[in-house]
Amino acid sequence: MTVEIEVVRYGQMYRYYLRQTVVGDSLRPPRTPLRAAQEQVGVPAGRWMGRGLAALGLGPGEEVTEAQLRNLFGERGRHPYADRIEAERLAAGDSPKKAYRAGALGRRVTVTGVDFVFRPQPTIYLLWALEDEETRLVIEAAHEHAIERVLEWIEDEVAVIRYGTDGIYRVRPPGGLVAARFRHYQARSGRPLLHDHLLLSVKGQRLDGKWGSIHTTALYENTVAASALYNELVAAEVCEALGLATEPRIVTSGRRPVMEIAGVPHELIRWTSRRSDQIAACLAELEHEYVTAVDDDGEPRFLPVVSEQARAKLNQIAARKTRPPKRKTRPLAQLRVWWKVSAILTSKVAADVINSLLEHARAAAAAIRARVAAVVDVALAAVDVTATVFVMNKGGRFHRRHLLAEARRHLALVLRGRRRDPGLDEEIVAAAISTHCLDISEPTTTIGLLSDYRLYTGRWSLSDLPARRRPPAPAPGPDRQPPADPGEPAASRPPGQDAGEWEIPRVPLQYERAVLASAVLREKLRTTATLPAVRGRAYDVVVHQQAAMPEQLLASEPADPEHDDQEPKAGRGEAIDMTALRALRASRTDVEALDLTADRLRRLQEAATKMVNDARADRVLADRTAAQADADVVRPDDQQAHRPQQPGPHRGREAGH
């Protein structure tokens, strides 16, 4: 994810945020005013954001002062101008206790806010770091715009104030929220990493004017959806402003592709990810210890494979163990010069490519936009989203927020950096819930009755794709063991193997299963459509697949899309494209992780082909019946053959699907 979240407690504001975060992660000298410390390290001042500023006497874009931060986040949720309010009440003759209470925003709280960290995709901040000043300003503006949009979505759809016994009453803060944004420029390794810390206050005002606290659990639950929205928005803004496009890249085998700016070499991303290599090497050692650990009786202490849940915890441990101390922050102008020189000398990318990175990205974008049409078909998107969420969630159970996050990922994958109409993600989710989801909620509490907490599953059964684990791989040989001492040099690796890729048994992710399940359901949607208005649907499916699927998973386009409503030729009725599956096997994707043997693939193909043949027979029968009834009537379909319309963002909805 490119959006991370951490709670802010009132003590942390003094120990960490006021000493380091507000000054670009540099160590703030003692007794140095906040603005002076920010100027010394070359980072901009913090800025206030949110619709709730007016209730506190603040304005959007105003500079954040140390006293305001201390009151709102460090003093258990007081008014940013609490000192002034208290002094005025004392001068008016109020008692000290009453004057102190006048500066409070409701009850005192321990958790005073949450820290959202927003960072764009690596290819975006590489362009920000290595290109000219104009490009830098465009990317920063897109970054800020995306943060503003995500904050608006949190205010409108996520944030709730709970009150009453056991918090049975829930209300959106009608006046909005208050947040302070701080800009950072680099990672701990010193490499470029444009990111902003958004300190969001938990204080919100209810309709009756009283101040309450935002339910932080709701913020945690929607972090993935917020991250997907930010990724989609920042990429679209950058691409539209600079004439670029995005492309899906499979970075880790078995995981979903990530969207990056086309034309930016992946070697540059490797240049920025020295910390990733260190974490991967340490993670390999921890995984080996995990699968070989035994108790006093010699029995394995853990599973013989590393599940994704265990691997996530081990990854956190590896990140802490390899965490270097923070570097001294320098002004951005100096950093940009140093980054460019370092990239030319150490990234293994040609200097002319680095010096003309934007031109290379624009050339790649022109090729992509000429080849891939931006077709958002709501019906097909609903199938894709539901199938992926159904397969990748444990037990096939999920909430609406899971569908929303996947819908936003899907739109980013399909549109390749183009802007979309507002509300299109919600439309896809509504279509998915109404058509392909089954409500299985059995609420035992009041919160279970809310729409955000309804529990869903798919309306289909994927018995042909059982979720069973792979058998454990053989234990690593003596020549492949990770070093026992972290200080020893790592053992030699076979050619092409990256750091941390030891042969450790591991339970794979389910993304490949979701891809195949989605392909089956899309084909079912196309082949079972018999209405005349759906004639020519195959063209929509092909263009949609071309935009939505990674290159190695694309099915072949029909030979003549203009006459795709004619009887398919032999071989075109396969519901699963075997060429795509063979390409999938030859690619980096681990097909064994799909639990799809040759026999299982054959049975899937036979079942899908039978479904196609049955649908074709029904269509022929329906056509004959209609022809007899309308023998003397000239039908519009006979006068004009179906011709594919120019693909557009609403192609599927205009067709009524």
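This passage describes an open sheet, a helix that packs on it, and the residue Thr292 in a predicted model.

The sheet is open and has five strands. Their order is 1-3-7-6-2. The pairing is antiparallel. Strand 1 (3–9) and strand 2 (47–49) form the edges. Each of these edge strands pairs on one side only. From one strand to the next, the twist averages 30°.

Within this sheet, strand 3 covers residues 111–118 and strand 7 covers residues 192–201. These two strands pair in the antiparallel sense, and six bridges join them. In this pairing, Gly113 stands opposite Ser201 of strand 7.

A helix also meets the sheet. Helix 13, made of residues 332–346, packs on the sheet. Helix 13 touches strand 6 (179–186) and strand 7. The direction of helix 13 makes about 40° with that of strand 6.

Attention now turns to Thr292. This residue lies in helix 11, which spans residues 274–292. Thr292 has a relative accessible area of 42%. The side chain of Thr292 has a polar atom 2.6 Å from the backbone oxygen of His288. Thr292 can also be placed relative to Leu303, a residue eleven positions away along the chain. The C-alpha atoms of Thr292 and Leu303 are 9.3 Å apart.

Technical notes
Residues numbered from 1 in each chain as written. Predicted model: local features only at pLDDT ≥ 70, side-chain atom pairs only at ≥ 80, totals over all residues. Heavy atoms only, no water. Helix = DSSP H or I, 4+ residues; strand = E, 2+ residues; numbered from the N terminus. Buried < 20%, exposed > 50% of the residue type's maximum accessible area, 1.4 Å probe, protein only. Polar contact = N/O pair within 3.5 Å; in protein donor to acceptor, adjacent residues only side chain to side chain. Pairing = 2+ DSSP bridges. Axes fitted to C-alpha atoms, helices over the stretch in contact; angles between N-to-C directions. Contact = heavy atoms within 4.5 Å.
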